[in-house]
Amino acid sequence: MSSRQQQPAAGNGPGGEAQPGRERRIAELPPRERILDAAEELFAREGINAVGVQAIADRARTTKMALYRHFTTKDALILEWLRIVAAGYTAVLDQAARAHPDDPRAQVLDVTRYFADGLSEISYRGCPFVNTIAALPDRDHPARRLIAEHKAGQVRRITELCARAGVPDPAGAAAAVTFALEGAQVSAQNGSVERAGEQLLCMVTAILDGRLCGS
């Protein structure tokens with residue numbers, strides 16, 4: 001689960017354009033954080049294959065030599081970016097747990113609303129995990145393994161919440177919720193479904209209630 005990813009890159013609008021104040025904020029960051037901020041912005045906007053190390057260094061106002069002191073390879077930088085993205089999604093689950101410690105159903109719906117609210121951003125940039133997988137055909141690439149592990153952990157947590165909520169077939173329900181969350185992001189990116197956020201909330205509510213949406 002957006003991170004600094006799923007949120008718009010700090011200081012940038014939906015299309016990735018710079019906004020007032022960003023340059024001042026970035027200039028105050030330590031070099032490693034400047035590099036990560038630049039990589040986050042460029043990877044999300046242009047994709048990992050289209051962005052070179054020199055472009056990241058230039059955006060971070062540093063040098064390739066300095067970048068390689070912090071990240072030995074571009075792959076290492078991609079991995080750290082994806083860890084940040086994954087941590088952001090995990091934080092959404094954690095926040096839902098804090099907000100509704102005794103209501104697992106409400107936790108699932110909170111997470112769903114987060115996804116629904118983020119669909120407009122996804123429509124500009126696409127899901128960073130989906131985009132990264134598309135750019136890395138090697139299933140054994142460390143970045144793809146990181147994504148797979150993160151997604152498996154997310155499904156486990158949703159399964160546990162469904163079980164606690166008394167939903168029949170918690171594993172099946174969690175799979176259906178995951179399909180809905182993932183599908184909504186792709187639909188927002190390609191514009192195939194109108195009111196995708198509303199449809200997503202409807203579908204997940206129906207899954208938790210053990211009924212078909214609209215039935």
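From the N terminus on, the elements of the protein run α-α-α-α-α-α-α-α-α-α-α-α, which amounts to 12 helices and 0 strands. Helices (H or I, at least four residues) and strands (E, at least two) are DSSP runs, numbered from the N terminus. The model is predicted, so that local features need pLDDT of at least 70 and side-chain atom pairs count only at pLDDT 80 or more, whereas totals for chains, interfaces and linings use all residues. Residues are numbered from 1 along each chain as its sequence is written, and side-chain values use heavy atoms, with hydrogens and water left out.

Of the 215 residues of the protein, 45% count as buried (under 20% relative accessible area, with exposed over 50% and partly exposed in between; 1.4 Å probe, protein chains only). In soluble globular proteins, nonpolar side chains tend to be buried together. The largest nonpolar core here has 55 residues; such a core is a set of buried Ala, Val, Leu, Ile, Met, Phe, Trp, Tyr and Cys residues joined through side-chain atoms within 4.5 Å. Helix H6 (residues 74–99) supplies the largest share of this core, 11 residues. Among the residues with the most contacts inside the core are Phe43, Ile56 and Leu77. Apart from neighbours within four places in sequence, Leu77 is in contact (heavy atoms within 4.5 Å) with Ile35, Leu36, Ala39, Phe43, Ile56, Leu67 and Phe71.

Two packed helices are described by the angle between their axes and the distance between the axes. Axes are lines fitted to C-alpha atoms, for helices over the stretch in contact, and angles run from 0 to 180 degrees between N-to-C directions. The axes of H6 and helix H7 (residues 104–117) come within 9 Å and cross at roughly 140°. H6 is therefore oblique to H7, given that angles under 35 degrees count as roughly parallel, over 145 as roughly antiparallel, 65 to 115 as roughly perpendicular and the rest as oblique. On the H6 side the contact is made by Tyr89, Val92, Leu93, Ala96, Ala97 and Ala99, and on the H7 side by Gln107, Asp110, Val111, Tyr114 and Phe115.

H6 also packs with helix H9 (residues 128–135), at an angle of about 145° and with the axes 11 Å apart. Trp81, Leu82, Val85, Ala86 and Tyr89 of H6 meet Pro128, Phe129 and Thr132 of H9 in this contact.

Asp117 lies in helix H7 and, because its relative accessibility is 63%, counts as exposed. The C-alpha atoms of Asp117 and Glu198 are separated by 9.6 Å, although these residues are 81 residues apart along the chain.
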